[in-house]
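Thanks, everyone. I will take the sheet, then the sulfur bridges, then the rings. Please keep the structure open while I talk.

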Amino acid sequence: TDIDYGQGSWSQQSSPGLRFMWTSDACSMSAQFDKDGRVAIVHAVEGNTAKDRVGLNTGTYFGVLWEGSAAYPKSSENCAGIPECAIEGDTCNCAAVVTTTHVFDAVQIPSVADL
């Protein structure tokens, strides 16, 4: 809650702290990469304003240990040509994509001993 983060009581008009909501509105999630490889999680909800700390270009980044400098998309390199990424200033904003696939096919289901 907002009180847990020292932000005072929750209200519709104020309270910059932690707040949760359920909605049936369309939403999306993306990762914004800065030039140093730090990552910000971005939430977008149609018809609603997401909290500033999870909005696009808020600068709320966390560090990631990459295996080499080529391991993350950079705006200076056209976001590595990743179709889900768009250049946003000097950052890359990459949409999260969810895919559902079978782990095993019906022909080769492993036994319990194989697992």
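Ala-31 stands opposite Cys-94, which is in β4. A reminder before I go on: this is a predicted model.

How many bridges hold β1 and β4 together? Four, and the pairing is antiparallel. β1 covers residues 27–33 and β4 covers residues 91–95.

Now the other neighbour of β1. Seven bridges join β1 to β2, again antiparallel. Within that pair, Ser-30 stands opposite Val-42 of β2. β1 and β2 form a hairpin with five residues between the strands. Look at Gly-37 there: its phi is positive, near 90°.

Next, sulfur. A search of the whole structure finds two disulfides. Count the bonded cysteines along the chain, and the pattern is 1-3, 2-4.

Take Cys-79 and Cys-92. Their S to S distance is 2.1 Å. Cys-79 sits in the loop between β2 and β3, while Cys-92 sits in strand β4. The bond therefore ties together parts 13 residues apart in sequence. Is this disulfide left-handed or right-handed? The torsion about the S-S bond is about -100°, so it is left-handed. Both ends are out of the solvent by the area criterion. Cys-79 is buried at 1% relative accessible area, and Cys-92 is buried at 0%.

Now Cys-85 and Cys-94. Their sulfur atoms are 2.0 Å apart. This link is right-handed, with 110° about the S-S bond. Cys-85 has 14% relative accessibility; buried means under 20%, so Cys-85 counts as buried. Cys-94 is buried as well, at 9%. Recall that Cys-94 is the residue opposite Ala-31.

One more cysteine for the accessibility list. Cys-27 is exposed, with a relative accessible area of 58%.

Last topic: rings. The search of the whole structure gives two aromatic pairs. One is Phe-33 with Trp-66, at 6.0 Å centre to centre. The planes are 50° apart, and the pair is tilted. Phe-33 belongs to strand β1 and Trp-66 to the loop between β2 and β3, so this pair ties together parts 33 residues apart in sequence. Phe-33 is buried, at 11% relative accessible area. And Trp-66: buried, exposed or in between? Trp-66 is partly exposed, at 31%.

Trp-66 also pairs with Tyr-72. Here the centres are 5.5 Å apart, with 40° between the planes, and the pair is again tilted. Tyr-72 is buried, with a relative accessible area of 9%. So what do the ring pairs build? They link Phe-33, Trp-66 and Tyr-72 into a cluster.

Which residue lies over the face of Tyr-72? Lys-74, at 4.2 Å from the ring centre.

Thank you. I will take questions now.

Definitions and conventions. Residues numbered from 1 in each chain as written. Predicted model: local features only at pLDDT ≥ 70, side-chain atom pairs only at ≥ 80, totals over all residues. Heavy atoms only, no water. Pairing = 2+ DSSP bridges. Helix = DSSP H or I, 4+ residues; strand = E, 2+ residues; numbered from the N terminus. Disulfide = S-S within 2.5 Å. Buried < 20%, exposed > 50% of the residue type's maximum accessible area, 1.4 Å probe, protein only. Phe/Tyr/Trp six-rings, centres within 6.5 Å; stacked < 30°, edge-to-face > 60°. Lys NZ or Arg CZ within 6 Å of the ring centre and 35° of its normal.
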